[in-house]
Structures are given as C-alpha cells and as structure tokens.
Amino acid sequence: MYAGIDLGSTNIKAAIYDKNFNLIDRQSRPVNYIRENGFVEFDAYAYYRDLVDLLAEMVRKNHVQNLSQISFTGQAESLVVLGHHGRPLMNAISWMDERSTEECKTLSALFSDEEVHQVTGQMAILPTWPATKILWLKSHRPDVYRDTATFMLLKDYVVFYLTGKKLADMSIATFSLYFDIYNKCYWQPMLNAIGIDEGRLPRLVEPCTGAGALLPEIAAQIGAGEATVVNVGTLDHFAGMIGTGNISKGGITLSMGTVMALATMAESKEKLADDVAVHYGFVPDTYVLLPVAESGGVSLEWFRRSCMPQVDYGALNEVLAQREDCGQLLFLPYLVGTNAPEYDAGATGVFWGLRQEHDSFDMARAVMEGVGFLLRKNCQALTESGLPCDSILAVGGGTKSAVWCQMWADITQIPVKIPLEQEAACLGAAMIGAVADGFFADYSQAVESCVKVKAVYNPRPCAYYEEKHRRFCALYEATKGI
C-alpha cells in the first residue's frame, strides 16, 4: 500500500491506496493558526503530531499491514527554526505571514528582480520567501537567530522528524529565495546577505527520492512497520501534475481553488520565459512554469458571500445554466491585486457596464467570466513563451460547476479535462512512492494505471467571448491610468 500526504495550509490531508491504487481511506485534520500583531504562525510540533495521529488512526482503522512508502507533498515556504536539540525554537512562520516587508526592501537594494529571476526563478522579492523571514529574525529575534542550528521548510521538517534525516527537497527549496535552481546549490550571495552559511541548512536532494525508513519509535506509533520508507516527495502543485497525468509538455494543470494556479512542464532550460516564474521540477534537471493568480475562486467566493449569501453554489449554477450570457457586463477579478501575468499589486476589482436590467446572477456570471479571462491571459503568456498548451487538466472547487468549466474551455479555446480523482496532490504523492520503489517503471506507466478522466469540456467557437476578452484587456489597461 502507498500513502500520499498533503501538508496543506488549511488542512493536513492523508490518503492510502492499495496496490491497484484503489482508495482505501482519506482523512484530514485542520491547521490551527496563531494570528497576532499581523503575524501568522502555527505550532510546528503540533502540526507534526496531528499528522502522526492521523496516520496511526487510518492504519489502525483499515488494518494496514504493508505500507511500502509514505510520500509527501504540500506547501513550500513556511519556515521552521530548529535548535541544536532538534526541536523548534518558536512557532513556525507561515508563508502567509508578511512581517518581512522592510527586509524585502533591504534585499531589493542588493539584488535586482532580474538577478533574482536568473538565479532562483522567482519574479520578485516578496515577504512570502523564507530568506526575508530569516533576515527579520536577525533584526527582531536575535536570540532565536543566534541559537538556530537549522533553518528548515515545513515539509523537510516533517521528513526529519519521521526519519532523523535533515534533507531539503530541491523543488521546495526553489521557494526559499536562497536556492540556485540551475546550478542546484544554495545561492551564496543571498546566504551572505541574510547572514547564514550552508551548515545551517539541510542537505539538498532531488525531489521524489527516499529519505529512509521510519524511525523505530515512529513506526511503532503509526503501526506501519519499520520497513516503511519515507519519500521526500515534491511541491503540492507538482504532485497535482502527476496526479492529473500532466507529466509531459503541452498539458496545463489548473488548480481552481481560492487561488488559481497553473503548472506546466518547460521545454528546456534554454527556452524559459523571462516573464513567468520558473521552478525546479519534480524530475531531475527539469523545470516547471507555475503562474499563480491570487484572484481565482476567491472572487466568486467574495461575491456570493457579500452580495447573494442566501444562494448556494448549486442554485447559482442552476440559474446560470439557463442563461446564455450577461451582456456587456465586465468584471476585473483583481480583488487582491494581480501577480501572474501582470504582477500589478495596485490592480483592483472593477464592475463595468452595469445597467438596470442586470441582476445579481448576471453579476456572478461576470465574475466567473472575469476569472476565465484571467485564465486565458495566463495561458497566452505560456504560449507566447513558446510552450504548447494542448489541454487543461482542472482540479479544485471550481470544477464542481459545469457552467464554469465550459466557460474556461470556450474562453481559452483549449479542451478542459476533469480527472476523476480531485485530490490530485495526494494521489500524485502516492504515485511518487510507487514509482520510487519500482512498482511502476516510470510516471507514464503510473499515469496510465492510476489517472482517469470523468469529464471533458471541448471548446466551442464563441464570438461573444472573443470580443469580451478584447474589452476585458482594454478595461484593465484603462484603469491603470486612473
């Protein structure tokens, strides 16, 4: 059997599959945050204990006796600081925490965005990155900074507690801002800038490799057996690529949750775009383009919550299925600014073209169309960089709406496929374990055996969306001057 673990920001998710990759059980535990003075932290040890307890409960309930591998995926940037005794010195700092805005300015004076992109693949120096949090600790918590033996990212910390091995998965290290993705080493100038050396960081390893067997005492707690191997796995978006069958050029894995994220394999190192974030891939010496737009499903969540709270999503979709369009009404979905593809923090949400004949359902449809137009802009940015976009493999809450899925296909003119298994990250992580121990010869065989598609939305020629997308882009450009 194989376990896939998604160390998420909202929930810890675990799934166990048998040798035929039938789902045996899937469970989750919520993540509890400490939000004070604008900081976002969580207890890293409690997070780890919740995972162990969750796995033990699943193993016991399902009488699991032959768990070959536990493979990990999940969030990237959350920072854990360990003392010389191997325990956290303070709460973990979430990737959502923005305490290090001043440190970003300090580092921006030393490194240009162009240099950062050429080395790390990232587009800008942001408070999200652990490097900026380490510099914050140096200024504001010098005691913790001084006593930290190892700065680790969350997934690497969990692997360490399970195996005793301090390892840094390179696909996760990509998000630290101190990893050189092309030379596969820590970026020394950035380490110098934040005042640490490689001795205070875990050893770099390729994604999707075995870290080692469970420690005996942990194996006993989980009930999995000491032969169970822990696999470092990869980033959640990359595991989602595997879990949707997107393992070669031409496919785009779309995660339409609160945030909209696209992931696609890059053609080669030499042909990477200058205006798209690049990450070290889940296969050695490959790269993944990962445009992320925070104004994804959150736009529809906001509108329904604020303007039509009495209408659930099922009723909303039932009404919209009976309507062909919402006329000239447009919505710019930039409620939190926009990152990919424009990287415009000052962008705002806009309704334009409202008339008295419009109602709240028309406005909701305009919101859904606006997110679709943003999806198209990101797909176009990928194709303009020379990457093929043959299909969109979509997961996330947005895929529950057939109206919205068809809208994506019609707006982008790319077929949209909905995998049967929507928890693609957990499935992908388990598939990583099955490939690593030789159960599958490679990811192609794993995909053929494990990934099924339940629905396909083929694009229909639509002059309405073509014209509306043109005006959507023009409206965004016009608002920049106001």
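A disulfide is a pair of cysteine sulfur atoms within 2.5 Å. This model is predicted, and the structure holds zero disulfides.

**Cysteines.** The cysteine sulfur closest to that of Cys307 belongs to Cys326, 15 Å away, so the gap is too far for a bond. Cys307 is partly exposed, at 40% relative accessibility. Cys326 is in no disulfide either; its nearest cysteine sulfur is that of Cys462, at 11 Å. Cys326 is buried, with a relative accessible area of 3%.

**Backbone.** Most residues other than glycine have a negative phi, and most peptide bonds are trans. Phe21 and Leu177 have positive phi values, and neither is a glycine.

Pro341 sits in the loop between strand 21 (330–332) and strand 22 (350–352).

**Surface charge.** Which residues gather in a patch of negative charge on the surface? They are Glu114, Glu115, Asp274, Asp275 and Glu384. Glu115 belongs to helix 3, which covers residues 113–120. Glu115 is partly exposed, with a relative accessible area of 30%.

How values were computed: Residues are numbered from 1 along each chain as its sequence is written. This is a predicted model: local features need pLDDT of at least 70, side-chain atom pairs count only at pLDDT 80 or more; totals for chains, interfaces and linings use all residues. Side-chain values use heavy atoms; hydrogens and water are left out. Buried means under 20% relative accessible area, exposed over 50%, partly exposed in between (1.4 Å probe, protein chains only). Patches are made of residues with over 30% relative accessible area and no salt bridge: like charges are joined within 9 Å, nonpolar side chains (Val, Leu, Ile, Met, Phe, Trp, Tyr) within 5 Å. Accessible areas come from the Shrake-Rupley method with a 1.4 Å probe; for residues, only the protein chains shown count as cover. A salt bridge is a side-chain nitrogen of Lys or Arg within 4 Å of a carboxyl oxygen of Asp or Glu. Lys and Arg count as positive and Asp and Glu as negative; His and the chain ends are not counted. The place of a charge is taken as NZ of Lys, CZ of Arg, CG of Asp or CD of Glu. Helices (H or I, at least four residues) and strands (E, at least two) are DSSP runs, numbered from the N terminus.
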